[in-house]
Amino acid sequence: MNLYLRLLWTWLRALGKPAIRIGDTIELQLRVWPNDLDINGHMNNGRYLTLIDLMLVEYFVRTGFARAMLQRGWRPMAGGSFITYRRGLKPLQTYTLRFRLDGGDAHWNYMRFEFLRDGRVCAAGYMKGAAVARDGLVPNAVSYAAIGLAAPDLAVPEPVRHWLAAETGVMNAAW
C-alpha cells in the first residue's frame, strides 16, 4: 500500500479512536505489503522507521498534540532513532506495532517502539522527537502546556542514556 494512503488511513483512523493520555501505549495492526520488501524478501529496514512516523501521527492526533501544533505553527521533528532487529517480517505477514512515550527531558521526548509477531519481538528501539517553532525547539514545558498539561516528570530510560552518549561520540567524530 502506498505510504501516502497509509498516512491518510492512519490519520482518519486516529480521528475515530478515543483520546489517549500521555504515556499510554498504543498498538497498530499492520501487514507487510510487497512494496515494504527488500531484496532479501523481508521488510526493508528503512520501512520500520517510516512506520514509526505513522505511529507518531496517531499518537499526536489522539493526545490532542496535533491540533495544538497546527494552531501554533509548530512542526514535529524527529531527532534520531535506534533500532535493533531480531526477526524478519515476511510478505503478507501481519504484525503489531506497539508505541509509547517512555521518557523525556527539557526538549526531547523518547518514544519506545516494538514490532511484534505472534507475541515475539521482531524489532525494537527508541526515537526522539520534539516540536519545533520558527525559533527552534519548543521546550516540553511549553508544548505540554499547549494541551493543558504540566510536562510530565519523565526520566530518560537507561538504554536512551547510552544511545545519547554514543550519539555525542558519533557527532564529535564527524569530519
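Colleague: Which residues in H1 meet which residues in H2?

Modeller: In H1, Leu 3, Arg 6, Leu 7, Thr 10, Trp 11, Arg 13, Ala 14 and Leu 15 are in contact with Arg 47, Thr 50, Leu 51, Leu 54, Val 57, Glu 58, Val 61 and Arg 62 in H2; contact means heavy atoms within 4.5 Å. These residues comprise nine nonpolar, two polar and five charged. The model is predicted, with local features needing pLDDT of at least 70 and side-chain atom pairs counting only at pLDDT 80 or more, while totals for chains, interfaces and linings use all residues. Residues are numbered from 1 along each chain, and side-chain values use heavy atoms, without hydrogens and water.

Colleague: Why is H1 called roughly parallel to H2?

Modeller: Helix H1 (residues 3–15) and helix H2 (residues 45–63) pack at an angle of about 25°, with axes 8 Å apart. Angles under 35 degrees count as roughly parallel, so H1 is roughly parallel to H2. Their crossing is right-handed.

Colleague: What makes a set of residues a nonpolar core, and which residues have the most contacts inside the largest one?

Modeller: Such a core consists of buried Ala, Val, Leu, Ile, Met, Phe, Trp, Tyr and Cys residues joined through side-chain atoms within 4.5 Å, where buried means under 20% relative accessible area (1.4 Å probe, protein chains only). The largest has 39 residues, and Phe 99 and Phe 115 have the most contacts inside it. H2 gives the largest share of this core, ten residues.

Colleague: Which residues does the second, separate core include?

Modeller: That core of eight residues includes Trp 108, Val 156, Val 160 and Leu 164.

Methods. Axes are lines fitted to C-alpha atoms, for helices over the stretch in contact, and angles run from 0 to 180 degrees between N-to-C directions. Helices (H or I, at least four residues) and strands (E, at least two) are DSSP runs, numbered from the N terminus. Angles under 35 degrees count as roughly parallel, over 145 as roughly antiparallel, 65 to 115 as roughly perpendicular and the rest as oblique. A crossing is left-handed if the near helix is turned anticlockwise from the far one by less than a right angle, and right-handed if clockwise. Ala, Val, Leu, Ile, Met, Phe, Trp, Tyr, Cys and Pro count as nonpolar, Asp, Glu, Lys and Arg as charged, and the others, Gly among them, as polar. Buried means under 20% relative accessible area, exposed over 50%, partly exposed in between (1.4 Å probe, protein chains only).
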